[in-house]
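My notes follow in the order I made them.

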Amino acid sequence: MKRCMFVDDSSVIRKVAKRILNGPDMIVTEASSGQEALDMCAFEMPDVIVVDGNLEDMPATELIRRIRAAAGQFPPQILVSLVEVEVGAIMRAKRAGAHGYLLKPFNRPQLLERFRTLQAAA
């Protein structure tokens, strides 16, 4: 069973993602800050992490780097979640270790398709 973590300061985004993805094949956890995500990753590293590109407590690139440093042998796939296509932010996230990006707000078909793409690339 895959484990996914959504890191976003918006409880609405986290709840919508959880409602869409949670099921027999995936467990979705939520973190409202970068530090909370790091604490949760230290306990159990998810398979996929979606990081808000505009967290209040730390830059997304820092969180991505710190997750990569802690990941060990089985690093997670990481997406940065943005409200608009900003090439600079996407490139910074990729240099930090992200696999790609996800635009928000998202709907069920968009989110499921993005996760299918991730699984195909794994």
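Before reading any contacts I wrote down the rule: a salt bridge is a side-chain nitrogen of Lys or Arg within 4 Å of a carboxyl oxygen of Asp or Glu. I also noted that this is a predicted model.

**Entry 1: salt bridges**

I looked up the count, and by this rule it comes to nine salt bridges. Next I looked for linked ones and found that Arg-14, Lys-15, Lys-18 and Glu-30 are joined in a network of salt bridges.

Glu-30 and Lys-15 form a salt bridge, with their closest N and O atoms 3.4 Å apart. Glu-30 sits in strand β2 (residues 26-31) and Lys-15 in helix α1, so the pair ties together parts that are 15 residues apart in sequence. I then checked how accessible each partner is. Glu-30 has a relative accessible area of 16% and is buried, because buried means under 20%. Lys-15, with 43%, is partly exposed.

**Entry 2: two further pairs**

I looked up Glu-113 and found a salt bridge to Arg-116, where the closest N and O atoms are 3.4 Å apart. Both residues are in helix α5, three residues apart, which means that about one helical turn separates them. Glu-113 is partly exposed at 42% relative accessible area, and Arg-116 is partly exposed at 48%.

The side chains of Glu-86 and Arg-92 also meet in a salt bridge, at 3.5 Å from N to O. I noted both as partly exposed: Glu-86 has 36% relative accessibility and Arg-92 has 40%.

**Entry 3: the largest pocket**

I turned to the pockets. The largest one has a volume of about 290 Å³. It is lined by 18 residues, and the closest to its centre are Gly-53, Asn-54, Ala-60, Leu-82 and Ala-89. Two or more lining residues come from each of α3 (60-71), β4 (77-82) and α4 (87-96). I sorted the lining by class and got nine nonpolar, four polar and five charged residues.

**Entry 4: the second largest pocket**

The second largest pocket holds about 210 Å³ of space. Its lining includes Lys-2, Ile-20, Leu-21, Met-26 and Phe-115. I also found Arg-116 in this lining, the residue I had already noted as the salt-bridge partner of Glu-113.

Which element gives the largest share of this lining? I found that α5 does, with four residues. Both α1 (11-21) and α5 (108-121) supply at least two. By class, I wrote down five nonpolar, three polar and three charged residues.

Methods: Residues are numbered from 1 along each chain as its sequence is written. This is a predicted model: local features need pLDDT of at least 70, side-chain atom pairs count only at pLDDT 80 or more; totals for chains, interfaces and linings use all residues. Side-chain values use heavy atoms; hydrogens and water are left out. On a 1 Å grid over the protein atoms alone, a cavity is a set of points where a 1.4 Å probe fits but cannot get out, and a pocket is an open set with protein on both sides within 12 Å along at least five of seven lines; lining residues have an atom within 4 Å of a point. Grid points are joined across faces, edges and corners, and a volume is the space filled by probe spheres set on the points. Ala, Val, Leu, Ile, Met, Phe, Trp, Tyr, Cys and Pro count as nonpolar, Asp, Glu, Lys and Arg as charged, and the others, Gly among them, as polar. Buried means under 20% relative accessible area, exposed over 50%, partly exposed in between (1.4 Å probe, protein chains only).
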